[in-house]
Amino acid sequence: MDLQWWQKGVVYQIYPRSFQDTNGDGVGDLPGVTRRLDYLASLGVDAVWLSPIFTSPMKDFGYDVADYEDVDPLFGSLADFDELLAGAHARGLKVMLDLVPNHSSDRHRWFLESRASRDNPKRDWYVWRDPAPDGGPPNNWRSFFGGGAWTFDETTGQYYLHQFLPEQPELNWANPEVRAALLGAMRFWLTRGVDGFRVDVIWLLGKHGEFPDEPENPDWREGHMEHGRLLHVHTQDLPETHGYIREMRAVLDEFSRPGFERMMVGEIYLPLEKLVTYYGKGDECHLPFNFLLLTMQDFSAGAVRDLADRYDAACREYDGWPNWVLGNHDQHRFRTKFGVERYRAAQTLLLTLRGTPTVYYGDEIGMENVAIPPGRAQDPSGLRQKDNPEASRDPERTPMQWDAGAFAGFSTVEPWLPLGEHASVNVEAQEADPRSDLNYFRALTLLRRQLPELHGGEYVSLDAGHEDVFAFVRSHAGQRVLVLLNFGAGDLTLDLSGHASRASAHAERAHVLLSSTWREGHEELGGVRLGGYEALLLRLP
Ligand code: GLC
């Protein structure tokens, strides 16, 4: 198997505001990440993705970029970044940055110029339209953060488009100069040595050139996110987006050589059939983010199996490398969402399915959503949609819990978001406990690294004879690992005797590689014991 780092590795997402503060302002910074590099290496992860670190007024906490080629002083300097990168590389860790090409900050000099006059050379770098005949917005398009997607600009008498905050005007990707500028920013960081990019809202880059209204979504219900009221057929997944992505891919290819590829993973919330088209012909995203687990409502053995089977098959059809995600800075913590009791089974799933896992910081110690008291809310999505408790992303963005101290070892002052329960859920305590969630995570990454079956082998699900159990085999070169996940509370005994392959004296005996309850030894395939909510990895004879 000749696999690239981004195929066999594990990616770890850091939300820099919340990882480690070193200058006592209650907000994490780049020297903080550098300080924690040994910890990152100890996790057995292979790459770190940093949410945006670029110059920004922080209206959307860095997803509003005012300079694509510099570091915001809140996080440090370019020199701090270089130090982080060198330190990571010295430990064998790759570093990926978060490229935000769909929109800039309204404080970016490009937008300041663009809004200055209708004949400014940068006017067409953003999306400007005349008012509707009644003076209102040009069409019915909506913002993800609630409200309309157009803001009127008094100076020039036109509206500009923003699918997020008014402070995040959309760049006009139909304009080749805009594309050249963003590709230039990619080259800037690639030249500095970054290994790849996570690309923000990549599926939104193209927009319908005639700006028609979007149709109502008949399935929308009161209480759902307001943005879902419309079917986004003119703002999402447009054909030209694939061409834009191919241009980005070509830049990455310029900086790749055999055995070492620079890569991109695209943020794409689309159904499976559409998602896989973003592999292109091997000339688009290396990985289109698979959020299908992340957005699941019914986290049951049957539903997960169905999803894993369909996704794996679709990746094969498109010749794309699969990937899996259980958490990010926009989605509630999976330990809270799927239930504490299913936490280790879910973690096992993420790290044993076929494809690259992306881990969200803190999930390795079992951090949960944190309730945000009134007055401490930060997320503009939540603040603009107060009637919808689902809109805020603050609960999953709270500071990393390093120790049991007053500020959890994250900072020396009260952090920008409140801390979660960190008396026991913290790195220091879990380091000391060989059976902690942290050490379970490490056991998984270690096995994954050691066994080609797990980091590169085939996947096939099987029927374990019980509706609460999801079972699958990972295999490579005649070696097979059986993964058993019990989504239910009951202790079970499973007859898996049909799955032994070799006629030997011990054909029925399967060695325990890892169990979420830390039991060791072996199981007879004719009667495999699986505890309630247990995750069990067996070496198949
Ligand atoms: C992406 C980011 C999210 C951000 C939005 C606008 O969805 O993940 O955090 O608010 O894009 O950039």
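This is a predicted model: local features need pLDDT of at least 70, side-chain atom pairs count only at pLDDT 80 or more; totals for chains, interfaces and linings use all residues.
Residues are numbered from 1 along each chain as its sequence is written, and side-chain values use heavy atoms, leaving out hydrogens and water.

**Exercise 1.** Find how many disulfides the structure has.

Solution. A disulfide is a pair of cysteine sulfur atoms within 2.5 Å. Searching the whole structure gives 0 disulfides. Take Cys285: the closest cysteine sulfur, in Cys315, is 12 Å away, so the two are too far apart for a bond. Cys285 is buried (under 20% relative accessible area; exposed is over 50%, partly exposed in between, with a 1.4 Å probe and protein chains only). The relative accessible area is 2% for Cys285 and 0% for Cys315, which is also buried.

**Exercise 2.** State which residues have the most contacts inside the largest nonpolar core.

Solution. A nonpolar core is a set of buried Ala, Val, Leu, Ile, Met, Phe, Trp, Tyr and Cys residues joined through side-chain atoms within 4.5 Å. The largest has 128 residues, and Tyr12, Leu40, Leu50, Phe81 and Phe470 have the most contacts inside it. Apart from this core lies another of 18 residues, including Leu530 and Leu540.

**Exercise 3.** Identify the polar contacts that the side chain of Arg198 makes with Asp200 and Glu267.

Solution. A polar contact is a pair of N or O atoms within 3.5 Å; within protein, one must be able to donate a hydrogen and the other to accept it, and residues adjacent in sequence count only if both atoms are side-chain atoms. Arg198 is buried, at 2% relative accessible area. Its side chain reaches the side chain of Asp200 at 2.8 Å and that of Glu267 at 3.3 Å.
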